[in-house]
Structure formats: structure tokens, C-alpha cells
Amino acid sequence: MAMRPVLAASALAVALSLGACQDAGFSAAGSARAREPIPPKTVALMATKTMSPRDPILIRAFKKESEMEVWKRGADGQYALLKTFPICRWSGQLGPKVREGDRQAPEGFYPIAMGQMNPNSSYYLSFDTGYPNAFDRANGRTGSYLMVHGTCSSAGCFAMTDEAIAEIYAIAREAFAGGQRAFQFQSYPFRMTAQNLAKFRNDPNIGFWRNLKEGSDYFETLHEEPRVGVCGTRYVFGGQDAAAGACSPKVDPLVVAKREKDEVEVAELVAKGAAATRLVYQDGGQHPFFRESSPSTQLFAEQAQPRPNMGIVSRPEALAAAPEEIAIEPKVKPTLLAKIDPKHEKGRHAKPTALAFAAPATSPAPIPTREAAAAAPAAPITVASADGDPAAYRKLLGNLFGGAPAAPPASSAALPAADTAPVAAISPAAPLPKKTTAHLHPAPSAHSAAGAKVDGVNPAAAKKAEGKPAEAKPAPRTGDAKTGDAKPAETGKRTEGPNRNRVAAAQPAN
């Protein structure tokens with residue numbers, strides 16, 4: 001009997017050691033760090049923006065710009081930007097995390113519940129993003145323990161420095177104390193501007209990024225948290241109808257107008273000769289704020305020090321090199337499509353837009369799918385509503401704030417009969433059978449045009465082909481995730497002590 005507690009503790013340590021950023025240690029100072037108040041300057045900043053420390057929050061991260069935004073919801077129900085933090089280190093490339101060991105930081109929409117906050121992190125303080133969510137699992141993606149944490153070391157995480165994560169942690173703690181069950185964490189490869197969409201229009205991930213832009217457009221236009229779900233292998237975004245389980249939620253006219261405006265702007269940029277490129281990093285990047293040659297900027301003037309203590313720095317040789325910009329030429333010349341009057345489009349699946357993001361005439365690369373998912377009809381799945389979701393750390397470590405568990409969410413409206421389906425769990429660890437929020441549009445039939453009959457076929461060739469049955473060609477598969485990679489050995493673990501500001505040993509990929 002005496003061995004059971006020892007074995008349980010050992011199992012817990014092993015489970016944590018498999019985390020992407022090796023967040024396995026427990027600091028004796030952890031509880032004190034987690035109770036630090038929000039800095040007075042930030043509280044004063046809230047007051048100038050008519051915000052309260054206990055108002056709900058929402059966080060957005062952008063890899064290419066290496067910035068993380070903290071937003072707060074006001075009395076009018078809309079979110080406003082509170083503060084932007086520079087990201088000290090992220091690893092991998094632009095693009096989603098696909099498999100264990102690829103060193104990719106995740107991209108997508110993730111709910112962060114109180115139990116995902118870790119006051120005993122070996123990286124000062126942290127919260128778990130909850131990767132993989134239902135969308136990631138539907139696309140066969142693997143990995144675990146992808147964090148936002150302190151110091152400046154990343155193996156698939158967002159490293160913010162100790163000072164920055166302490167402030168973000170305190171802001172989140174007060175929002176939970178104010179009654180917020182979970183806040184939404186939105187992670188993007190870059191800001192979803194027309195300039196970036198034109199620049200990365202031929203990237204293999206463009207189909208996935210367009211899907212993320214639907215959620216970004218909703219938030220940036222309405223300043224409301226989008227309800228998020230999955231239909232098939234795509235995200236879907238919307239308001240109350242999406243929360244009720246619709247796979248085709250109504251899109252607000254203001255959001256539609258923004259999307260159309262961006263599409264026209266992308267088309268104009270391409271027409272003017274904007275090059276299609278891809279950025280290739282040696283291993284991720286960091287904000288220029290942390291480079292010795294870069295002065296402090298007004299954007300981060302509220303930081304406690306002009307140059308925060310970065311702690312451990314992973315792979316400094318990779319950070320020293322700027323990303324390489326590679327031109328990506330389309331296989332065929334890009335074609336801009338004229339907008340067609342809807343009254344002439346009856347009976348057709350898709351309506352040509354002003355540009356189709358100025359993509360080549362061939363179909364864009366789809367979001368990675370699995371063969372089994374493609375064969376089955378799309379079913380609505382809960383993925384990232386930020387209300388009342390279970391937490392990975394709560395299951396593993398219990399309630400780390402010491403208070404009572406968060407109240408269970410109010411029951412959601414019943415799903416429409418046509419869309420009723422089992423609800424997938426938000427948490428990677430356990431299913432949530434009663435949660436029925438935000439669901440997605442079915443994947444658009446963008447490929448229907450590719451299979452249409454082409455006018456002007458040589459009559460002789462057509463006659464010759466009449467007697468031959470058409471060959472069924474298998475649909476191309478892109479981005480299928482391979483699982484089963486061996487998990488990395490534990491190296492470069494952070495320790496507490498006087499030698500914190502050191503260069504970490506080569507970290508294992510995640």
C-alpha cells in the first residue's frame with residue numbers, strides 16, 4: 001500500500017515529462033507567482049479604456065509578427081484591445097501543428113479553462129492551449145502539452161518571458177474570478193490582411209488559413225467572440241445559431257462585406273504583380289523587441305523593463321538567421337473571376353467571387369483530411385466555445401487555483417433534427433457529452449467547378465471517347481498526418497537557481 005502514492009507520483013511526472021515544452025517541474029515559488037497582482041500600470045490602462053480587471057478576456061497570437069494580444073470585453077458586450085505583448089520565442093514554421101515531434105506551434109481556436117492554468121510550471125507560469133482540439137483530431141493531428149509559458153525557450157510552444165506570462169496569467173486569473181468559465185485563444189500564422197493573403201496565396205496551407213480567416217473576420221468586424229465548431233474537417237463560425245448546432249450558421253452582413261472587400265483587394269494586389277512567396281524559418285522566430293540592436297518601441301512601452309529577462313533561450317543560432325523568402329509560382333497563370341449576378345446562378349453549387357483569393361485556376365490546396373472523414377457526411381462537432389469547457393490540467397492535477405470547480409455550463413439549445421450528432425469533446429483527454437455549441441459550415445464545394453464539362457472539346461476526340469468508360473481517379477490527398485512518432489527524450493529542462501540566463505541544450509522537437 002505504501003508504494004501506491006509513490007507510483008502515482010511517478011506516473012504523473014512521466015506524463016508531464018512528455019509535454020512539448022517539457023513543463024515537468026514543480027517550483028516551490030509557483031503558488032506565490034500565481035498570486036501576483038496585475039501590474040498597476042496595466043490596471044490604470046484598463047481604467048482609461050473603461051475596463052474592469054474581472055471583465056472577460058480573449059487572446060490572439062500571430063506567429064509571423066511574433067505578437068500576442070489580450071482583449072477585454074466591455075459593458076456593451078464587445079471586446080476591445082487591452083495590450084499587445086511581444087512573443088520572445090516560437091518554433092517551427094508558419095502553418096499548423098500536424099504531428100508529435102514537428103516542433104510546430106498550433107494554429108486554430110482553443111478554449112482555455114481555469115484548470116489549464118499551471119501555477120507550478122517549470123517555465124515560471126503557463127497555460128495549456130488544449131491542443132489537439134476536435135478539429136485537430138478530425139484531421140488526424142497529434143501532439144500534447146502545447147503551452148503559452150515564460151522564459152524564451154520553445155519546442156512547439158509560445159514563450160513570452162517570465163514577466164510577460166506573469167502579467168497575462170494575472171489578467172486571466174482575475175477574469176476567471178469574475179465568472180468567466182473559459183477564454184478563447186486564437187492562434188494565427190499571421191494577421192489576416194489582404195496583403196498577407198496575396199503574399200501567401202500559393203502556400204500549401206492556404207486552404208486552412210482561409211478557414212481561419214472566417215473566424216478572424218467575425219471577431220474583427222463584430223468584436224464578439226465567435227462560436228466555433230467543426231463540420232467534417234473544417235471550422236465553422238457564427239453566433240447563436242452556430243451555438244445551437246447549425247453547420248451552416250447565418251453570416252452577419254457586416255462580416256460578408258468585409259470578406260468581399262478583402263477579396264477584391266487581394267485581386268487588385270495580384271493584378272498589380274504582388275509576388276506569391278513562402279517564408280522558411282530555420283526554427284521559428286521572435287519579436288525584434290528582444291534583439292539587442294532593436295530599441296524599445298511605443299507599442300510595448302508598458303513593459304516593466306526595457307529589455308526583459310529572457311531566461312533560457314532555445315536554439316539562438318536559428319534565431320540569428322532571418323527567414324528565407326521563397327517565390328512560389330502557380331502551375332497555371334492566375335485568373336481573376338468576374339462576379340456573376342446571383343439570379344443567373346440558380347442551381348449551381350458555388351458562386352464565383354471577385355477573385356477566389358486570386359488563386360490559380362486549379363483548385364487550392366484543401367485542409368488536410370482523412371479518408372474516413374471524407375467518406376462520411378459532415379457532422380456538427382463542438383470544438384472551441386469558451387464557456388464551461390473541461391480542462392486538461394484539471395483532470396491531471398486538479399483545481400490549481402484552490403477554489404471550487406467552475407460551475408457547469410447552462411444547457412444549450414437543442415440541435416436541429418437535421419444536424420443532430422454526437423458532440424466531440426473540447427478537451428483532448430475526455431469527451432464532453434452535454435456540450436453542444438458552435439458548429440461549422442460543410443466544406444464548400446470548391447472542386448465542383450474543376451469537374452465540370454469543358455466547352456470546345458475536339459468533336460473527333462469526343463466521339464472516340466464515347467465507347468470508353470470514364471476512369472475514376474482518386475481524389476488527391478493532401479496533408480494527411482502521420483501518427484506514431486516517438487516522443488522526444490527529455491533534455492534542456494529548466495532549473496531554478498542563479499544560472500537561469502543560460503542557453504539551453506538542443507531541445508527535442510515536438
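**Disulfides**

Author: In this predicted model, cysteine 231 is buried, with a relative accessible area of 1%.

Reader: Which cysteine does cysteine 231 form a disulfide with?

Author: Its partner is cysteine 247, and the two sulfur atoms are 1.6 Å apart. Cysteine 231 sits in strand S11 (residues 227–231), while cysteine 247 is in the loop between helix H8 (240–243) and helix H9 (253–271). The two are 16 residues apart.

Reader: Is cysteine 247 buried or exposed?

Author: Buried, because its relative accessibility is 6% and the cut-off for buried is under 20%.

Reader: What about the handedness of that disulfide?

Author: The torsion about the S-S bond of cysteine 231 and cysteine 247 is about -90 degrees, so this disulfide is left-handed.

Reader: Changing topic. How many disulfides does the structure hold?

Author: Two. Cysteine 88 is joined to cysteine 152 in a disulfide, with an S to S distance of 2.2 Å.

Reader: Where do cysteine 88 and cysteine 152 lie?

Author: Both are in loops: cysteine 88 between strand S3 (79–86) and strand S4 (89–90), cysteine 152 between strand S8 (147–149) and strand S9 (158–159). The pair therefore ties together parts that are 64 residues apart in sequence.

Reader: And the torsion about the S-S bond of cysteine 88 and cysteine 152, what is it?

Author: About -95 degrees, so that disulfide is left-handed.

Reader: Are cysteine 88 and cysteine 152 buried or exposed?

Author: Cysteine 88 is buried at a relative accessible area of 0%. Cysteine 152 also counts as buried, at 0% relative accessibility.

Conventions. Residues numbered from 1 in each chain as written. Predicted model: local features only at pLDDT ≥ 70, side-chain atom pairs only at ≥ 80, totals over all residues. Heavy atoms only, no water. Disulfide = S-S within 2.5 Å. Helix = DSSP H or I, 4+ residues; strand = E, 2+ residues; numbered from the N terminus. Buried < 20%, exposed > 50% of the residue type's maximum accessible area, 1.4 Å probe, protein only.
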